Amino acid sequence: MKSLFLIFCSLVSLTTTAADLKILPETIHLAGPEAIQHVLVLRTEGEAFTGEESSAELSLAPAGVAELRDGVLRARSNGKTVLTAKVGDAVTTREITVANFDDPFAWSFQNHVMPVLTRQGCNMGACHGAVAGKGGFRLSLLGYDPPADFYRMTREARGRRVEPLAPARSLLLTKPTMATPHKGGKRLDPRSREYRILAEWIAGGAPAPSSREAAVVSISVDPPLSILKKGARQRLLVTAHYDDGSRLDVTDWARFASADETVAIVDESGSAEVIGYGEGAVTALFSSKVAIARVRSPFPNAIPDELFTAAPRRNFIDELVLVQLRQLNLQPSGRCSDGDFVRRAFLDTIGKLPTVDETRAFLADTSPDKRNHLIEALLQREEFVDYWSYRFSDIFLVNGGILRPAAVKAYYEWIRGGVAENRPWDEMVREVVTAKGISTENGATNFYAVHQDPETLAENTAQAFLSLSIGCAKCHDHPLEKWSNDQYYAFANLFSRVRAKGWGGDARNGDGIRTLYVEPRGDLIQPRTGKPQIPAPLDGEPLDPDASGDRREALADWLVAPDNPYFARSITNRIWAAYFGRGLVEPVDDLRASNPASNEPLLDALTAHLVKSDFDLKALMRVILTSETYQRGGEVLSENRDDTQYLSRHQPRRLMAEVLHDAIADVTGVTVVFDQVALSDGSTQKTDFYEEGTRALELYDSAVESYFLTTFGRNDREITCECERSNQPSMIQVLHLANGDTLNGKLASDDGIVAKLLAEKADDARIVEEACLATLSRPPTEHERSGFLKMLGSAGEGGRRAAVEDLFWALMTSREFLFQH
């Protein structure tokens, strides 16, 4: 069976020459006398567009049906005509249909006037879309409330904003054209089409928005994929699709943004410019609908196809990564060493360094499938449960600053029990979303103690399990996403009947018992309308508002459904990020449509794999760990030097705070006592909950005091956001390792590794060997060995201990120890 890469190469070989042309959009239908359509003539290679052909000769035949001026078609009479584009010997055509040209026409408030005002920035947050408006005139942000905007526009200010008998005197026209003073400056040209739309709408009596008007259901962007060289420009077209089947060119009214400005930038007219290399995307936003156009800019490397054809591959991950590397001209680095692999697999899978004996055994093993055996062993270890319970506790926000000790214990043990049983992710999420009962008996109910009001529950459920941030839609339609204010309150209303009793007093007192139950009645009021919003999942079917059942059951059904476009994708991206240091989507918990993955086919395939395996997270981890992509080395080649996200080589990253803390304790042999808990009022309280020898990854609670964990960016679990954790190096961290007690005190301890080696009278060679194996999971290089032996040999008997401490200190403050690689 052919690999995906070979299929890709065969498709490339069948493509036609760069001189092939195509006119976009694919369908051109001009409906009504005011219809327009921007057109593009593009070069093509196979299914991809390789740039705009500005030198094309354009002609229309027969004439009189449409007019072409400055790249824009305008209707002139009913009928059909053909647009022909010619460049040299290459010719392409597109049929154009004009209909309803003689029909009566009036501009629509919702579909024409509001887009014009939005495009001019009138209802942005910095202008009249602010909460208090500007200059006594307030509009809804980005036009999310057309009826209210119409009222303010036509009824307030004694009607002076709109004057149908003298449209040119309307403030709606005189202000943005600066005919009268306007603090917002000139926003509208009196000669523009947009001015004419507003003026003719006013002259027509300023008709109100109507429920009979067609509504936008989606938008699309052309070309969907452009393969361009650095420095090239590409115009983009945006088409709105309406619920009556009609289409409208809204390029002039759409707003554009680049998803990755290191690859491409875009101006307000939708003209993108490639400024770097890689996979970029441009986002178009119109009427709260979002679409993207991809821009690919291959790196300027010359790499033979044979290198990719011969590259090793273990599963579909490698196939899809190699396809993208070929498309981007990035050469994959070779396989990592056994020393790198054993350290990497241990740290990423169980959050722990291999011991000296484990490293020696793996390096000495000559069996060809030893890496697979190690992967299976790691997935079954007790430390696996500790590590992933801790990571999932970040998502579920196990926080003793909010929960009582008994509730913290129950909540954590519920999470740990799920990990230990390898409970499918959809089952765990269903359990927590529909939880009821006593907080100390059913730990999952504590999700509703961390988040208590319907709005917060809605926001954190979306963030934790869908990687969607919907908080902006609480006050208005989301300015950068498709979520509306009504959708927000419909989603939040699913939680409006959840109630709890018990738990008086502060967070550290009381017995921690809280009973969660559901009332048969109750609704959340939508502040904008003063009425309850019919409960519904995001983009889901509405529920019967009068039904007495637990609405969360319907929510859970929708949430964990295999065809939910966010649920499986969200946890897949989180797991991937845990193994590679960054998600295929970054930030890892930001799956908005305007933030595409660096490799969409790969994320789709990984998500499908998780669903097919019934949400078995170990199965997902296994396919990642066994891939050649994960086992790729970190060697920097001239052909992949500039790659930071396309997986041509392994990217180093600093160890997360808890893993680094435990690594230092494991190497030195000196543990820490966790006996203080931070309270929400800033004070601390002594606790004997954790036994001596407890590892950082075994802590239930993010409120446990630790200067080291705080300094190195522990997640405080105050909000559901990956931004709460930081793996970025800082000068404070450097100073702490250089001068603090965490490392120096442990190396000086009489119970530590240095004292142990000296008590065993280990010779210098053994000390150097064990130090490198313990810290770096590899033997010393010859250069390191000779240098360290020289240092130890010159220390003398009186300075031997200090020299051994210096040896370990040097290794444990090195980038190779502090970073995963």
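Predicted model: local features only at pLDDT ≥ 70, side-chain atom pairs only at ≥ 80, totals over all residues.
Pro164 is placed in the loop that runs between H3 and helix H4 (171-174).

Setting aside neighbours within four places in sequence, the contacts of Pro164 are Ile202, Ala203 and Gly205. Of these, Gly205 is 41 residues from Pro164 in sequence, while the C-alpha atoms of Pro164 and Gly205 are 5.5 Å apart in space.

The loop between H3 and H4 also holds Arg158. Arg158 has a phi near 55 degrees, a positive value in a residue other than glycine. With a relative accessible area of 77%, Arg158 is classed as exposed, because the limit for that class is over 50%.

## Overall architecture

The protein contains 29 helices and 29 strands. Its C-alpha trace spans about 100 × 70 × 50 Å along the principal axes.

Buried residues account for 55% of the 821 residues. The protein exposes about 34,800 Å², of which carbon and sulfur atoms supply 52%. Among contacts between residues at least 6 apart in sequence, 64% join residues that are at least 24 apart.

## The largest pocket

The largest pocket contains about 1,100 Å³ of space. Of the 47 residues in its lining, those closest to the centre of the pocket are Gly581, Arg582, Glu586, Glu722 and Asn727. Two or more lining residues come from each of helix H8 (338-350), H11, helix H18 (567-580), strand S26 (653-654) and strand S29 (819-820). By class, the lining of this pocket has 23 nonpolar, 10 polar and 14 charged residues.

Glu586, one of the residues closest to the pocket centre, is joined to Pro587 by a cis peptide bond with omega of about -5 degrees. Pro587 is placed in the loop between H18 and helix H19 (600-612).

The structure has five cavities of 30 Å³ or more. The largest cavity holds about 120 Å³ of space. Its lining consists of Trp576, Phe580, Arg582, Gly583, Leu584, Thr644, Gln645, Tyr646, Leu647, Arg649, His650 and Gln651. These lining residues divide into five nonpolar, five polar and two charged. Arg582 belongs to this cavity lining and is also among the residues closest to the centre of the largest pocket.

The second largest cavity holds about 90 Å³. The residues lining it are Phe384, Trp388, Phe392, Gly418, Val419, Asn422, Arg423, Met428, Phe615, Leu617, Lys618 and Met621. Helix H11 (382-396), helix H12 (405-420) and helix H20 (617-625) each contribute at least two of the lining residues. The lining comprises eight nonpolar, two polar and two charged residues.

Pro25 is in the loop between strand S1 (21-24) and strand S2 (28-31).

Asp539 is not a glycine, yet has a positive phi of about 60 degrees. The residue sits in the loop between strand S25 (531-532) and helix H17 (551-559). Asp539 is partly exposed, because its relative accessible area is 47%.

Gly136 is found in the loop between helix H2 (109-119) and helix H3 (146-155). Its relative accessible area of 65% places Gly136 in the exposed class. Gly136 and Phe712 are 576 residues apart in sequence, and their C-alpha atoms are 49 Å apart in space.

Methods: Residues numbered from 1 in each chain as written. Heavy atoms only, no water. 1 Å grid on protein atoms, 1.4 Å probe; cavity = no way out; pocket = protein on both sides within 12 Å on 5 of 7 lines; lining within 4 Å. Points joined across faces, edges and corners; volume = space filled by probe spheres on them. Nonpolar A, V, L, I, M, F, W, Y, C, P; charged D, E, K, R; others polar. Helix = DSSP H or I, 4+ residues; strand = E, 2+ residues; numbered from the N terminus. Buried < 20%, exposed > 50% of the residue type's maximum accessible area, 1.4 Å probe, protein only. Contact = heavy atoms within 4.5 Å. Areas by Shrake-Rupley, 256 points an atom, 1.4 Å probe, with all protein chains shown as cover.
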